[in-house]
Amino acid sequence: MITSKLLSAVAGLEHGFGERGNLPPQNVITLRQVHGTQILMVETGEESGETGFDSVMTRRKNTPIGIKTADCQSLLAVDPETQIIAAIHAGWKGTVQRATEVSLQKMIDVGAKAERVLVALGPSMLKSCYEVEGDVASQFQKEFPEWPEIIEQKSEKKWLLDVALTNKKQLLKMGIHPQNIDHLEYCTHCYPDRFDSFRRDGDKSGRMVSWMKIL
Ligand SMILES: [Zn+2]
């Protein structure tokens with residue numbers, strides 16, 4: 001299990017980014033994700049497996065929440081003072097819909113302060129492997145014209161997409177301090193022994209759970 005030094009320093013917080021063969025807490029609340037931007041706010045602790053959501057958030061103690069990924073970007077966020085926590089799933093579809101910005105705004109709406117929020121980005125398919133064609137490239141160029149560095153043309157019909165960087169830029173835009181962002185920069189596609197990768201393994205790919213919990 002991979003952990004973030006930044007998040008590990010928060011008293012009363014437990015977390016982990018999924019790695020193949022590594023199981024999350026048994027009672028972790030996950031979602032049936034749909035590559036959108038909706039957020040499930042866990043209020044009772046009974047919620048689990050609900051569909052239509054890509055982020056899960058709570059302020060409850062002893063209530064582990066998690067999201068599942070294979071190549072997509074996972075983000076774990078916490079406001080240590082209010083103890084609001086969020087797990088966010090952002091593949092390219094969620095990223096271009098600004099799922100991370102929407103989730104951070106929801107944290108702020110329920111009492112978090114951007115200047116206190118710590119965020120770790122888990123392993124995902126990094127830019128060097130993230131080849132896309134013109135249809136995806138043009139969506140990113142259209143949505144984020146101010147950030148040309150998130151995409152690089154590789155050949156006539158291929159572009160390299162930096163999903164992690166696009167999410168980091170969304171965090172900075174929301175007012176998260178650069179020193180409060182930790183990127184666990186492993187490429188899921190490059191380490192078959194450690195990570196599931198949908199791009200590499202297709203339909204037989206597993207999914208890794210990244211989770212957090214307030215004790
Ligand atoms: Zn790679």
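Trainee: Where does T188 lie?
Mentor: T188 is in the loop between β13 (181-183) and α6 (198-201). Those labels are DSSP runs numbered from the N terminus: helices are H or I with at least four residues, strands are E with at least two. This is a predicted model, where local features need pLDDT of at least 70 and side-chain atom pairs 80 or more, while totals for chains, interfaces and linings use all residues. Residues are numbered from 1 along each chain as its sequence is written, and side-chain values use heavy atoms, without hydrogens or water.

Trainee: Why is T188 called buried?
Mentor: Its relative accessible area is 0%. Buried means under 20%, exposed over 50%, partly exposed in between (1.4 Å probe, protein chains only). So T188 is buried.

Trainee: Which residues is T188 in contact with, beyond its neighbours within four places in sequence?
Mentor: Among them are D71, P123, F195, R200 and M208. Contact means heavy atoms within 4.5 Å. The C-alpha atoms of T188 and L126 are 7.6 Å apart, although 62 residues separate them along the chain.

Trainee: What makes C129, C187 and C190 donors of the zinc ion?
Mentor: Their SG atoms lie 2.1 to 2.2 Å from the zinc ion. Donors are N, O and S atoms within 2.8 Å of the metal (3.2 Å for Na, K and Ca); water is not among the atoms, so sites may look incomplete. The spacing along the chain is C-x57-C-x2-C.

Trainee: Are C187 and C190 buried or partly exposed?
Mentor: C187 has 4% relative accessibility, so C187 is buried. C190 has 43%, so C190 is partly exposed.

Trainee: Why is α3 called roughly parallel to α5?
Mentor: Helix α3 (residues 99-109) and helix α5 (residues 163-173) pack at about 30 degrees, with axes 8 Å apart. That angle makes them roughly parallel. Angles under 35 degrees count as roughly parallel, over 145 as roughly antiparallel, 65 to 115 as roughly perpendicular and the rest as oblique. Axes are lines fitted to C-alpha atoms over the stretch in contact, and angles run from 0 to 180 degrees between N-to-C directions.

Trainee: Which residues of α3 and α5 make the contact?
Mentor: A99, T100, E101 and L104 of α3 meet N167, Q170, L171 and K173 of α5.

Trainee: What stands out about phi of R98?
Mentor: Phi is near 65 degrees, a positive value in a residue other than glycine. R98 is in the loop between α2 (92-96) and α3. At 15% relative accessibility, R98 is buried.
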